[in-house]
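Have the viewer open as you read.

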Amino acid sequence: MTSNSNVSSMRRTVEQLRLEASVERVKVSQAAADLQQYCLQNASKDALLVGLPAGSNPFREPRSCAVL
Amino acid sequence: MGEVEKMKKEAEGLKTEIEAARKAVHDTDMAAAAAGLAPAPRVQLKTRRTLKGHLAKIYAMHWCTDNKLMVSASQDGKLIIWDSHSGNKINAIPLKSSWVMTSAYAPSGNLVASGGLDNMCTVYNLKTPVVKIIKELDAHTGYLSCARFLNDADILTASGDTTCALWDIETGKQKTVFLNHIGDCMCLALSTDMNTFVSGACDSLAKLWDIRDGQCKQTFQGHTSDINAISFFPTGNAFITGSDDCTCKMYDIRSDQEVIGYQDAQLNSGVTSLALSMSGRLIFAGYDDFNCNIWDSLKGEKIGVLSGHDNRVSCTGVPSDGMCVCTGSWDSFLKIWN
C-alpha cells in the first residue's frame, strides 16, 4: 500500500462525508406528517387496502346470471 | 500529525456531526406520530391466479406499466412474459445463462432485460416477430443483482462488484459508474422523476444517488446485514428496505434517517423482496420462511400474511394501478393476490 493511495483514498472519504454532512434535514415530525397525508389521501383508491367490488376486479370472473 | 492522520480525525468529526444533525431533527418517530391514526384494516387477500410454467426456482419478476403483462425469471433458464389477467404465457425467452438473478420490463413495454451470474445485463426486443437480443451489457466484474430501465435507451444496474451503473443501451457502454458501496450491491429502485435512485448492499447500507452527476448524496445506516430489497414510497421522499437481518426499515430522505422499523421477535427469516401498495400504506415483504408478510407502513404493525408458497418467496411486485400483488417463489410458481 503506497502512502499516496492511502492519502487519496482518505481524501475521497473526507470529501464524501463533507457532502453528506451538508444535507439540510427536515424534522421527522414534518416528514411523518407528509407521509401520513399521502397515505390517507390515496387510501380510497388503494385496492389492496380497501378491497374491490367483484365486478371491477380484473382477476375475478364476473358471475353471469342465465335467464332461463 | 501526518496527512492521513489529520484526515482520519476530520472524518471522525464529520461522522459525529452527521449523527448530531440527525438527532437534532429526530423530534418524534413514525409510530408515535401515527398513534392517533385509525389502524389499517386487517388485510386478507386471496390467490386469484397461480401461474405455472417455470421448472425451477423463480428469482425475479417485474410488472409492465400496462398493469397486465409481467416478466418472470427462473433458473430453469427462461424469462416468461405472462398475461396476468388470463394467466396465459405470451412469450418464453430462452436465456444464454440460466443463472439469472434479475429481470426488468421497460416502461414502454418494448424491451425486457435479464442478468445474473454471467455478470451481464442482456436486453431483449419483444416487438420483433421473434424476441431478439439487442445488446449484451458487459462490463461489470461481478454478478448482476438488479436492473431497471429508465426508458428504451437507458438502463441502471446493480452488481456484486459493489458498483451500480447507468448504461447507454445503443452503444452498450456505461455512461456513469456509481462508486461508494463497500459490499455487493443487491438491489436498486428508481425515483419517479428519474433523477435519483436508491441502492441497497451487503455492506448493510442504503445510498441515494444523483443519476446526472454520479454522486452518492446520502448514506443510510441501521441494518445489520445485507439489504436485499428496496422500494420508494410513492412520494419519492422515503424508501423501504428489506434485509437478511429479518427486518424492514423505512428511511426518510429529507430527515436523512431511519424513521420506523418493521420487525417481530418471532420472525427470524431474512427479507428477500418487498413492494408497496399504491397509497404506500401497505408493505408486502417476502421472507425466506415461505411467507409474505403485510405491514402497516405508518404504524409498524404486521396486519396480514400471504401464505401459499411451498418455498422461499423470492420476489414481489405491485403493478402501478395497485390492483393486486404478485409473489414469485423458489417453488417455481407465481401467485397473484387481491
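**From one aspartate to the interface**

Start in chain B: the side chain of Asp296(B) reaches the backbone nitrogen of Lys299(B) at 3.2 Å. That side chain also reaches the backbone nitrogen of Leu298(B), at 3.0 Å. Both are polar contacts, meaning a pair of N or O atoms within 3.5 Å; within protein, one must be able to donate a hydrogen and the other to accept it, and residues adjacent in sequence count only if both atoms are side-chain atoms.

Before going further, a word on what you're looking at: this is a predicted model, where local features need pLDDT of at least 70 and side-chain atom pairs count only at pLDDT 80 or more, while totals for chains, interfaces and linings use all residues. Residues are numbered from 1 along each chain as its sequence is written, chains are lettered from A and ligands numbered from 1 in the order in which they are written, and side-chain values use heavy atoms, with hydrogens and water left out.

Back to Asp296(B), which is found in strand S24 (residues 292–296) of chain B. Helices (H or I, at least four residues) and strands (E, at least two) are DSSP runs, numbered from the N terminus. Asp296(B) counts as buried because its relative accessibility is 0%; buried means under 20% relative accessible area, exposed over 50%, and partly exposed in between, with a 1.4 Å probe and protein chains only. Leaving aside its neighbours within four places in sequence, Asp296(B) is in contact (heavy atoms within 4.5 Å) with Ala40(B), Tyr262(B), Arg281(B), Glu301(B) and Ile303(B).

Now hop over to chain A. Its elements run α-α-α from the N terminus on, with 3 helices and 0 strands. Of its 68 residues, 32% count as buried.

The helix to look at is H2 of chain A, residues 28–42. Its 15 residues reach 21 Å from first C-alpha to last, close to the 21 Å expected at 1.5 Å a residue (the expected span being 1.5 Å times one less than the number of residues). Which residues of H2(A) are buried? They are Val28(A), Ala31(A), Ala32(A), Leu35(A), Gln36(A), Cys39(A) and Asn42(A). These residues sit on the same side of H2(A) because they cover an arc of only 145° around the axis, taken from the directions from the helix axis to the C-beta atoms. Their cover includes, from chain B, helix H1 (3–25), helix H2 (30–33) and strands S19 (238–243), S20 (248–252) and S21 (257–262).

Asn42(A) is worth a click. At 9% relative accessibility, Asn42(A) counts as buried, and its side chain reaches the backbone oxygen of Tyr38(A) at 2.9 Å. Setting aside neighbours within four places in sequence, Asn42(A) is in contact with Met278(B) and Ser279(B).

That brings us to the interface as a whole. The contact takes 41 residues from chain A and 66 residues from chain B. About 4,500 Å² is buried between the two chains, with carbon and sulfur atoms giving 67%; buried area is the accessible area (1.4 Å probe) that two parts lose on being put together, summed over both. In chain A, Arg25(A), Leu48(A) and Phe59(A) lose the most area to chain B, together 20% of what that side buries.

As for polar links, 16 residue pairs are in polar contact between chain A and chain B, both at pLDDT 80 or more. H2(A) gives the largest share of the side of chain A that touches chain B, 12 residues.
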